[in-house]
Amino acid sequence: MTATQLIGDTERVKWHDKALWAVRSKRDTASAGIPEWEELRELAAQIKQHTLSKLPDYLQQFEEQAAKMGAVVHWASNAEEHNVIVHRILEENKVRYVVKSKSMLTEECGLNPYLEKRNIEITDTDLGERIVQLAEEPPSHIVLPAIHMKKEDIGELFHTHLGTPKGLNDAKQLTEAARQDLRKKFLQADAGITGVNFAIAETGGLVVCTNEGNADLGTALPPIHIACMGMEKLLPRAKDLSVFLRLLARSATGQPITTYSSHFHGPRTNNQLHIVIVDNGRYRLFESKEFSRALSCIRCGACMNTCPVYRRTGGHSYHATIPGPIGSILSPNQDGEAYASLPYRSSLCGSCTDVCPVKINLHEQLLLWRREMVKRRRGPGNVGVVVKLVAWGMKSEKLFAFGGYVARTIMRLTPSFILNSGLHPWGKQRDLPEIPKESFRKMYQKRNKQ
Amino acid sequence: MAANVKVALFLPCYIDQLYPKVGMATVRLLEHYDVSVDFPTEQTCCGQPFSNMGCVDEVKPLAEKFLKVFGEYDYVVCPSGSCTSMVRKHYEEYIEAEPLENLTRKVYELCEFMTDVLKVDHIDKSFPHKVGVHQSCHGLRELRLGQSSEINAPTTSVDKVGSLLSMVKDIELMPLNRADECCGFGGTFAVKEEKISCQMGHDRLNDHEEAGAEIITGADMSCLMHLDGLSRRKKKAFKVMHVAEILAP
Amino acid sequence: MKEDILKRLKQSAVKEIPLPEYGENWIHYEDKAQQFASMMEVVGGQAQCVRAEELAEKIKEQELIKESRKVISLVPGSAVLDEILSRPHDYEDVDLAIAEAQWGVAENGAVWVDCQSLPFRSILFLSQHLILVLKKNALVHHMAEAYDKLKFEKQGFGLFISGPSKTADIEQALVIGAHGPRSLIVFLVEED
């Protein structure tokens with residue numbers, strides 16, 4: 001559903017908004033149960049800041065340790081390199097069937113279409129991802145990929161692709177159908193691809209968090225595990241997981257922890273573990289004074305759940321891999337042209353900043369992107385001469401008072417049916433206030449004279 | 001307040017031009033608590049609309065003008081959370097560290113001036129109405145005028161807007177479903193993303209309606225102008241008032 | 001390429017700060033076992049306290065045992081048939097698996113299972129139902145205490161398991177039993 005589509009359908013908007021507000025509320029309840037919650041956020045922010053300040057060192061330490069554990073570490077500068085590396089590993093091992101658990105990074109790199117073009121069957125195993133895969137849509141939320149779909153839509157989809165009875169829309173039965181179908185895929189798979197929630201520099205380990213157990217089935221059965229990670233996913237020490245695992249699920253869904261928090265140190269005996277470390281433009285954030293803190297993101301989705309704009313427009317309306325507040329900061333870094341307007345799709349209410357478990361100053365970075373867009377003259381940043389004129393006029397109190405007087409007079413003389421028509425975007429759904437005859441400064445001046 | 005303390009009134013440009021009564025109410029309110037207020041007529045605009053668009057070049061001369069106009073006062077009081085926040089939190093780009101520090105120390109939003117500086121503990125007014133309070137975002141999350149629902153530790157010792165209102169006799173403050181969701185004004189957002197902006201505003205109005213509020217109030221006229229505009233177009237029964245208008249004699 | 005990537009990461013805009021220390025003043029529970037049990041309920045599982053000498057009997061009593069065709073146990077003394085299979089896929093038809101957990105965390109009802117002692121980790125995920133056995137005195141208050149106990153010096157796999165597998169991907173309706181086990185019971189074993 002595009003923004004216009006979703007917002008045009010008032011019932012859908014209400015439903016989508018309510019669903020996501022419920023997730024935000026669950027986060028509130030869960031976080032309130034931890035007295036040291038705000039301390040955890042501060043610790044997480046500090047740990048990430050420390051790690052980012054020494055990222056090259058920690059990356060090298062991680063590679064060393066992971067190699068000691070028997071993993072093969074690959075480095076990809078960009079999406080293309082990532083896809084080539086993953087494909088090469090699969091080719092070398094004559095892989096035909098791949099199962100993949102949730103990885104926004106692989107979404108970002110366009111891995112699925114790349115592999116499918118090369119005759120490799122890749123099945124997304126997270127239920128939400130499986131649903132959107134069957135629907136041939138991108139996920140609309142990074143944690144709840146199919147939040148934009150009603151169970152009737154999903155029932156239709158499963159009827160077509162999985163042979164469930166027409167009209168079946170019971171969540172339990174639909175999930176059971178998916179369980180049976182995906183179980184076959186797990187057992188048949190030649191390789192499993194996962195994302196990485198956290199990579200530990202000190203031990204060379206990877207942590208993958210799921211509720212469904214799909215990452216675990218996908219790596220416990222096939223002989224090859226390929227783990228794809230953005231290079232910012234590092235933590236220095238294993239013990240730092242105690243901070244992040246306490247924050248992640250509570251922020252994301254209000255659960256105390258995901259059902260499975262799997263710690264991989266090297267491959268299974270006699271099997272393979274490949275780790276692909278990906279840059280893909282993150283270096284630009286790394287060296288940016290304004291936006292480097294965006295690299296702290298642990299992809300919990302809390303900012304999306306709390307964002308009044310996201311709730312009412314849905315993830316697809318951003319046309320970006322990652323939607324919502326964090327997406328509107330990361331996407332212009334990927335493509336400043338295509339995503340120039342995203343930072344403006346916000347009222348800058350600041351709710352996102354207050355829920356972010358790693359205390360990214362999200363709403364401030366959105367404003368900083370607007371400055372950048374003005375500098376680059378891109379999208380809404382390409383301001384017209386009227387804005388500059390008005391700003392220039394504001395420098396003089398006489399011009400300001402005069403300009404205000406003229407504007408008010410015009411508005412007072414214009415008949416209401418024109419003034420309050422849809423000619424100007426303000427007037428489409430709003431009446432203008434009653435325009436006063438005198439400004440405050442006039443009134444105050446008069447009062448003082450008395 | 002001691003006679004030698006110089007207090008300036010800093011008025012948002014749109015209150016000066018479109019809501020002069022709110023400005024007058026602010027003056028009456030402050031004078032009622034023995035604050036003699038100056039209105040330096042050289043003031044125009046804090047620059048927020050331009051900052052909101054990312055136009056830093058346009059803001060700079062306005063910020064410098066602001067410092068010139070208000071720099072010598074002991075206190076600068078403003079009936080707007082977002083304009084106050086603009087000066088206290090967003091002037092770093094435009095003003096040197098030392099003069100900026102001196103300036104930010106004295107700029108207050110109206111409600112926080114009344115609770116933190118004047119330490120008002122009584123409001124001599126009766127207002128027998130059902131009132132819904134809209135917690136404007138900048139005031140709430142940047143100035144911490146109240147406790148935001150997201151944060152799990154006290155960010156403020158008292159809800160500055162709500163506590164002043166609850167001192168008014170006979171007033172009934174109606175609890176909302178979503179205590180601090182954004183109204184959708186957001187500056188240029190109100191015009192650039194008109195559909196979303198209005199959807200958000202309508203949802204706020206519905207919340208107040210369900211809560212049984214007759215009057216919607218808040219500390220920011222921009223939010224209220226947006227809510228009022230939506231309400232009047234739909235011919236809803238609400239009256240929209242700035243807190244100054246409720247608190248003032 | 002690695003060199004290209006590291007070369008580009010020369011100048012961090014992020015100011016260096018020391019790694020913080022923490023965990024001393026974190027949440028403590030009056031009764032860890034009670035908190036653990038109530039959190040297990042919250043996450044859709046079940047915890048039962050049992051004395052060491054009663055464990056085998058308790059397991060035999062479970063409805064799951066009676067209903068299961070194939071049960072695999074990796075817990076010595078559980079009085080259920082042990083069976084070592086040759087491929088991870090061979091656990092595909094297991095109805096109930098019983099295994100040991102090493103640590104339990106009161107704050108979130110999670111148990112740590114180190115898969116060193118398991119022939120294949122797949123048994124924990126393919127099995128339709130799961131029973132884990134944990135010493136009651138191996139409960140800690142919170143995650144920092146848990147990580148104090150864990151070592152990652154060798155190649156291997158371990159995980160925290162909190163309740164049965166679940167999903168809410170269809171209109172946010174919680175469904176217990178996604179791809180992994182449909183239920184989880186943790187026996188908290190009291191020894192003298």
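1. The contact between chains A and B. In this predicted model, chain B brings 56 residues to the contact and chain A brings 54. The largest share comes from α12(B), with 7 residues. By type, the residues on this side of chain B divide into 27 nonpolar, 14 polar and 15 charged.

2. How the chains touch. Of the 2 pairs of chains that touch, chains A and C have the most contacts. Chains B and C do not touch, and their nearest C-alpha atoms are 15 Å apart.

3. Helices α11 and α12 of chain B. Two packed helices are described by the angle between their axes and the distance between the axes. The axes of α11(B) and α12(B) come within 9 Å and cross at roughly 80°. Angles of 65 to 115 degrees count as roughly perpendicular, so α11(B) is roughly perpendicular to α12(B). From α11(B), the residues that meet the other helix are B:Cys198, B:Gly201, B:His202, B:Arg204 and B:Leu205. Facing them in α12(B) are B:His226, B:Leu227, B:Leu230 and B:Ser231. This contact divides into 4 nonpolar, 4 polar and 1 charged residues.

4. Two residues with positive phi. A:Leu348 has a phi near 60°, a positive value in a residue other than glycine. B:Lys119 is another such case, with phi near 50°. Each sits in a loop: A:Leu348 between α16 (324-334) and α17 (351-355) of chain A, and B:Lys119 between α7 (110-117) and β5 (130-134) of chain B. Are these residues buried or exposed? A:Leu348 has 26 other C-beta atoms within 10 Å, and a residue is buried at 20 or more, so A:Leu348 is buried. B:Lys119 has 8 other C-beta atoms within 10 Å, and a residue is exposed at 12 or fewer, so B:Lys119 is exposed.

5. A:Ser262. This residue is placed in strand β9 (residues 260-265) of chain A. A:Ser262 counts as buried because it has 27 C-beta neighbours inside 10 Å. Which residues does A:Ser262 contact, leaving aside its neighbours within four places in sequence? They are A:Val207, A:Val208, A:Ala215, A:Asp216 and, from chain C, C:Leu159. A:Gln133 is 129 residues away from A:Ser262 along the chain, and their C-alpha atoms are separated by 25 Å.

6. Chain C as a whole. Chain C has 6 helices and 11 strands. Its C-alpha atoms fill a box of roughly 65 × 45 × 40 Å, taken along the principal axes. Of the 192 residues in chain C, 45% are buried. Among contacts in chain C between residues at least 6 apart in sequence, 72% join residues at least 24 apart.

7. Helix α2 of chain C. In this helix (residues 32-42), C:Lys32, C:Gln35, C:Phe36, C:Ala37, C:Met39 and C:Met40 are buried. An α-helix has 3.6 residues a turn, so residues three or four places apart point the same way. The buried residues of α2(C) pack against β1 (46-51), β4 (103-105), β7 (139-140) and β11 (183-190) of chain C. Just after α2(C), C:Gly44 takes a positive phi of about 90°.

Key
Residues numbered from 1 in each chain as written. Chains lettered and ligands numbered in written order. Predicted model: local features only at pLDDT ≥ 70, side-chain atom pairs only at ≥ 80, totals over all residues. Helix = DSSP H or I, 4+ residues; strand = E, 2+ residues; numbered from the N terminus. Contact = placed C-beta atoms within 7 Å. Nonpolar A, V, L, I, M, F, W, Y, C, P; charged D, E, K, R; others polar. Axes fitted to C-alpha atoms, helices over the stretch in contact; angles between N-to-C directions. Parallel < 35°, antiparallel > 145°, perpendicular 65-115°, else oblique.
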